[in-house]
Amino acid sequence: QVQLVESGGGLVQAGGSLTLSCAASGSIFSIYTMAWYRQAPGKQRELVATITRGGNTNYADSVKGRFTISRDNAKNTVILQLSSLKPEDTAVYYCNAAIQPRTGSLVWSYWGQGTQVTVSS
């Protein structure tokens, strides 16, 4: 069984910073692209940033220059550093990863439970 567990959310003032972490655990053969999504109240879930196994990154226009995604392949973790936060960044942030379990050859998409980020003005 594969699990993604996020941590690091919280309440921060506008202009502040937070670091979100996501650790994958379980019967894992390989982890491919990892990503962070977010969902604000009343809005659809949106892609924030992605990072490939080789370290190539991509960001939503709304967070470019403010957020940084990184990963540690040895620890099966992905990090999202949030800086210059704005009230509109308030959302539940979800970790996502494309993982091939040890059992089988298919790659599955796994989600974390989400962590709340609230930015006050």
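Two strands are taken to pair if DSSP finds at least two bridges between them. The legends below apply this criterion to a predicted model.

**View 1. The open sheet S1-S3-S8-S7 of the predicted model.** Four strands make up this open sheet, in the order S1-S3-S8-S7, and their pairing is antiparallel. Strand S1 (2-7) and strand S7 (67-72) stand at the edges; each has a single partner strand, so one side of each is left without a neighbour in the sheet. On average, and with direction ignored, neighbouring strands of this sheet are turned by 15° against each other.

View 2. Strand S8 (residues 77-82) is joined to S7 by six bridges, and the two run antiparallel. Within this pairing, Ser 70 has Ile 79 of S8 as its bridge partner.

View 3. Val 5 lies in strand S1. With a relative accessibility of 41%, Val 5 counts as partly exposed, a class that falls between the limits of 20% and 50%. Neighbours within four places in sequence left aside, Val 5 is in contact with Ser 21, Cys 22, Ala 23 and Gln 113. Gln 39, which is 34 residues from Val 5 in sequence, lies 17 Å from Val 5 in space, C-alpha to C-alpha.

**View 4. Strand S11 and its two pairing partners.** Strand S2 (residues 10-13) pairs with S11 in the parallel sense over four bridges, and Leu 11 has Thr 118 of S11 as its bridge partner. Strand S9 (residues 91-101) pairs with S11 in the antiparallel sense over three bridges; here the bridge partner of Val 92 is Gln 116 in S11.

**View 5. The two faces of strand S11.** In a regular strand the side chains alternate between the two faces of the sheet.

View 6. Thr 115 lies in strand S11 and has a relative accessible area of 10%. Thr 115 is therefore classed as buried, the limit being under 20%. The side chain of Thr 115 reaches the backbone nitrogen of Gly 9 at a distance of 3.2 Å. Apart from neighbours within four places in sequence, the residues in contact with Thr 115 are Glu 6, Gly 8, Gly 9, Leu 20, Ala 91, Val 92 and Tyr 93.

Definitions and conventions: Residues numbered from 1 in each chain as written. Predicted model: local features only at pLDDT ≥ 70, side-chain atom pairs only at ≥ 80, totals over all residues. Heavy atoms only, no water. Axes fitted to C-alpha atoms, helices over the stretch in contact; angles between N-to-C directions. Buried < 20%, exposed > 50% of the residue type's maximum accessible area, 1.4 Å probe, protein only. Contact = heavy atoms within 4.5 Å. Polar contact = N/O pair within 3.5 Å; in protein donor to acceptor, adjacent residues only side chain to side chain.
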